[in-house]
Structure formats: C-alpha cells, structure tokens
Amino acid sequence: MSGTEFHVHGPHEHAVDHEAQHGDMFAARIAVVTAILSTVGALFAYQAGATQNEALLHKNEAAIRKTEASDQWNFYQAKSSKQNLAELGAVLATGDQAARYKSEVDRYNKEKQDIMAEAKKLEARSAQLELQSEASMHVHHRWAQAMTLIQISIALAAITLLTRSRGLQYVSYGVAAVSTVLGGLALAHI
C-alpha cells in the first residue's frame, strides 16, 4: 500500500464532524445553566435544613425554660402553703412559738419573692426563644420557597432542552430569578 489512499467522506460524516467542532450551543447553554441552578438549589436546600434545625433548637430551649418556670411557680406555691401554715401557727401560738412562726412567715415571704423573680426571668427567656424560633421558621420557609422554585426552574430547563422552546427557556430563567430573589430575602432574614 502506498501512502496515497483516496478517502471519500459521506454527508453524515461531515455532519458529525461539524457537530463535534461546533456542538449544539443551545443544549450546552441549557446544560450549564442547569448545573448552576442545581448548585444554587443545593445551597438553598442546605440553608433550609439549617434554619429549620435552628428553629427547632430554639423551640426546644423555650419548652425547657417554660418547664423550669413552671417548676419555680410550683415551688412558689409550696412556699405559699408553708407561709399560710406559719401564719396560722403565729395566730394560734403564744410567746416564743408565735415569734418563731412570725419569723418563718417573713422567711417564706422573702423566699417567694426570689422564686417569683426567677420564674419571671425564665418565662421571659422562654418567650424570647419562642420569638427566635418563629423568626427562624420564617427564614426556613423563604429558603424552602427558593429551593422549590429553583427545582421548578430546573424542570423547565429540561423541558426546554427537549422542546427547544426559547419562550420556555426565558420562563425557566425568570423562575430562577424569582428563586434567587427569595434566597436573597432569606439570607437577609426578611
């Protein structure tokens, strides 16, 4: 064989070579946009889960503080009962016994004031944690909305690739833009 072979290219080979060199730019753009949207969606999903966990932690802490406040109020009631018995003893007793009961009444009254202050502090902390939980859940909902819209945008991009519809491509981009705005609002805690 000599090095002068003659090779004839068929029309299909020319189309394959042309496609390999120039590619389908429409499909390539949609594929890149889909990859970017998937990455953004993964970030949105992570943030949605993180803020939901944060809200649950605040809610749990609020419940713990509320239980502690309830315990304090029960302790307060026990001290009130003891104070009432001491008051009765002071009325019924005479001499040193009456003075002892009177001092117990004063002691229980002071202890109740301290217990009441602690219970109110715990209730205030519980209320503060409830507000933090609600704020975190609001942000969680923003992240979840952004994530949902980004997933819809990805689905629209896939349909765009199949139908080659420019209009659907712009709808997909529009939905992605709204999703990004929601993600920005979530990031800003709005």
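Author: Helices are DSSP runs (H or I, at least four residues), numbered from the N terminus. The expected span of a helix is 1.5 Å times one less than its number of residues. This is a predicted model: local features need pLDDT of at least 70, side-chain atom pairs count only at pLDDT 80 or more, and totals for chains, interfaces and linings use all residues. Residues are numbered from 1 along each chain as its sequence is written, and side-chain values use heavy atoms, with hydrogens and water left out.

Reader: How many residues has helix α3, and what is its reach from first C-alpha to last?

Author: Helix α3 (residues 96-163) has 68 residues and reaches 99 Å, close to the 100 Å expected at 1.5 Å a residue. Just after α3, Arg164 takes a positive phi of about 60°.

Reader: How do I read a salt bridge between Glu130 and Lys59?

Author: Side chains of opposite charge can pair when their charged atoms come close. The rule here is a side-chain nitrogen of Lys or Arg within 4 Å of a carboxyl oxygen of Asp or Glu. Glu130 and Lys59 meet at 2.8 Å, N to O. The pair links distant parts of the chain: Glu130 sits in helix α3 and Lys59 in helix α2, 71 residues apart.

Reader: Is Glu130 buried or exposed?

Author: Buried means under 20% relative accessible area, exposed over 50%, partly exposed in between (1.4 Å probe, protein chains only). Glu130 is buried at 19%. Lys59 is partly exposed at 38%.

Key:
Helices (H or I, at least four residues) and strands (E, at least two) are DSSP runs, numbered from the N terminus.
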